[in-house]
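Here is my note on the model you sent. Please read it with the structure open beside you.

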Amino acid sequence: MLLATVSASSQKTKRNFTTFYAEQADWTFNHLVVDERSGHIYLGAINRIYKLSEDLKVLLTHQTGPDEDNPKCYPPRIVQPCNEPLVYTNNVNKMLLIDYKENRLIACGSLYQGICKLLRLEDLFKLGEPFHKKEHYLSGVNESGSVFGVIVSNNNLDDKLFIATSVDGKPEYFPTISSRKLTRNSEADGMFAYVFHDEFVASMIKIPSDTFNVIPDFDIYYIYGFSSANFVYFLTLQPEMTLPPGSGTKEQVYTSKLVRLCKEDTAFNSYVEVPIGCEKNGVEYRLLQAAYLSKAGSILAKSLGIKPGDDVLFTIFSKGQKRRTKSLDESALCVFALKQINDRIKERLQSCYKGEGTLDLAWLKVKDIPCSNAVRQCYVFNKMSCMI
């Protein structure tokens with residue numbers, strides 16, 4: 001895998017390229033984050049974390065693998081002996097986040113059911129690597145599974161890490177979305193513990209096991225995550241079983257959905273999701289490929305009917321709803337004003353509170369559940385605590 005930067009030259013036909021290669025050709029780069037303060041680049045790759053200068057000079061390298069492992073070992077063999085055969089296994093970086101408040105890097109990989117390291121930004125020194133508890137396994141062993149994390153800061157309290165991950169058929173082990181403690185002490189016993197957890201309620205969403213009886217390969221694929229104002233958002237792809245017109249057999253399609261949670265909701269009562277997509281000239285673009293949150297400039301703001309500086313969501317969709325991994329034959333760039341998305345969610349919550357429509361949660365027993373007064377708690381939480 002190659003990274004390159006281009007520097008302009010006084011001669012139009014001449015350019016200088018700075019290049020950087022991984023140590024082995026198959027050690028691909030998986031994630032990249034840039035320190036907004038220093039300009040340093042952090043790369044999450046297979047078996048390595050790299051720290052680069054702005055012109056791609058290697059400053060530091062931290063080894064994360066390979067190591068002896070087996071994806072069937074649960075808990076991992078680093079916690080207790082495992083009867084499965086162990087083989088040297090690559091550690092694929094699944095998530096890379098900068099924790100600016102504590103000046104550290106959160107690097108999660110695919111080894112040992114998906115544990116995370118906390119590395120000091122300055123020298124990539126390992127500050128902590130929690131692995132003794134069930135909640136320490138965040139990112140799963142599936143190399144292709146998606147993981148997104150969003151850090152929510154509190155001035156006088158420990159921060160929180162909202163983490164969303166594909167569960168790879170292991171809902172008993174992994175919640176698909178959860179809120180974790182991000183303690184100031186990287187070696188604290190409570191690192192990555194659920195923000196709230198008692199016998200009946202916790203800061204998590206789990207996919208019910210009976211969902212997999214209907215769709216054995218069901219999973220939620222997380223494409224992007226971010227925070228804005230009082231909320232945390234995740235953009236997802238989710239499989240659904242639909243009955244095509246004139247057909248007596250259901251087929252699997254994928255629907256893109258935006259998930260929203262209130263930052264202060266410890267019991268996840270504010271969880272809501274809405275379909276997202278776009279259309280042009282009668283062609284539907286429903287398969288989300290990538291997204292990015294930014295601010296609207298004056299021209300874009302005017303065209304969207306919002307104020308300059310308001311949050312806007314740039315998205316790339318491909319055509320149709322079939323075969324998520326199929327090569328793209330047609331795609332579209334679609335721009336959404338976040339304010340308009342929140343207005344749509346507010347309308348949905350209000351109508352559902354009145355008993356209109358369904359909850360439309362495909363992962364919940366793979367069936368629509370009629371809206372009723374049972375959603376009163378969700379609506380009231382969104383209205384009163386999250387200031388919608």
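1. **Salt bridges.** A salt bridge is a side-chain nitrogen of Lys or Arg within 4 Å of a carboxyl oxygen of Asp or Glu. By this rule the model has 16 salt bridges. Side chains of opposite charge can pair when their charged atoms come close.

2. **What kind of model this is.** The model is predicted: local features need pLDDT of at least 70, side-chain atom pairs count only at pLDDT 80 or more, and totals for chains, interfaces and linings use all residues. Residues are numbered from 1 along each chain as its sequence is written, and side-chain values use heavy atoms, with hydrogens and water left out.

3. **Two salt bridges to look up.** D123 and R120 meet through their side chains, 2.8 Å from N to O. Are they buried or exposed, or in between? Buried means under 20% relative accessible area, exposed means over 50%, and partly exposed lies in between (1.4 Å probe, protein chains only). D123 is partly exposed at 32%. R120 is partly exposed too, at 30%. E129 and K126 also form a salt bridge, at 3.0 Å from N to O. K126 is partly exposed, with a relative accessible area of 37%.

4. **A salt bridge across the chain.** K133 forms a salt bridge with D189, and the closest N and O atoms are 2.9 Å apart. This pair links distant parts of the chain: K133 is in the loop between β12 and β13, D189 is in the loop between β15 and β16, and 56 residues separate them. Strands (E, at least two residues) and helices (H or I, at least four) are DSSP runs, numbered from the N terminus. K133 is partly exposed at 28%, whereas D189 is exposed at 58%. Elsewhere, E240, K257 and E273 are linked in a network of salt bridges.

5. **An open sheet.** Which strands form it, and in what order? The order is β13-β14-β15-β16, and the pairing is antiparallel. Two strands pair if DSSP finds at least two bridges between them. β13 (147–152) and β16 (204–205) stand at the edges with a single partner strand each, so one side of each has no neighbour in the sheet. Inside the sheet, β14 (residues 159–165) and β15 (residues 177–182) share six bridges. D159 has L182 in β15 as its bridge partner.

6. β22 (residues 283–295) and β23 (residues 311–319) pair over eight bridges. There, Y292 has F314 in β23 as its bridge partner. β23 also pairs with β24 (residues 331–337), over seven bridges. T315 stands opposite C334 in β24. In a regular strand the side chains alternate between the two faces of the sheet.

7. **Aromatic rings.** Rings of Phe, Tyr and Trp (its six-membered ring) pair if their centres lie within 6.5 Å; planes under 30 degrees apart count as stacked, over 60 as edge-to-face and the rest as tilted. The count comes to 13 aromatic pairs. One is Y74 with Y137, edge-to-face, at 5.8 Å centre to centre and 70° between the planes. Y74 lies in the loop between β7 (67–69) and β8 (87–89) and Y137 in the loop between β12 (126–128) and β13, so the pair ties together parts 63 residues apart in sequence. Y137 is buried, at 3%.

8. **A ring cluster and a charge.** F148, Y224, F226, F231, Y233 and Y292 form one aromatic cluster. R260 places its charged end over the ring of F231, 3.8 Å from the ring centre. The rule asks for NZ of Lys or CZ of Arg within 6 Å of the ring centre and within 35 degrees of the ring normal.

9. **Backbone points to check.** A cis peptide bond joins G65 and P66, with omega about 0°. P66 lies in the loop between β6 (58–63) and β7. Another cis peptide bond joins Y74 and P75, with omega about -5°. Y112 is not a glycine, yet its phi is positive, about 55°. Y112 sits in the loop between β10 (104–109) and β11 (116–120), and is buried at 9%. L124 also has a positive phi, near 60°. L124 is in the loop between β11 and β12 and is buried at 3%.
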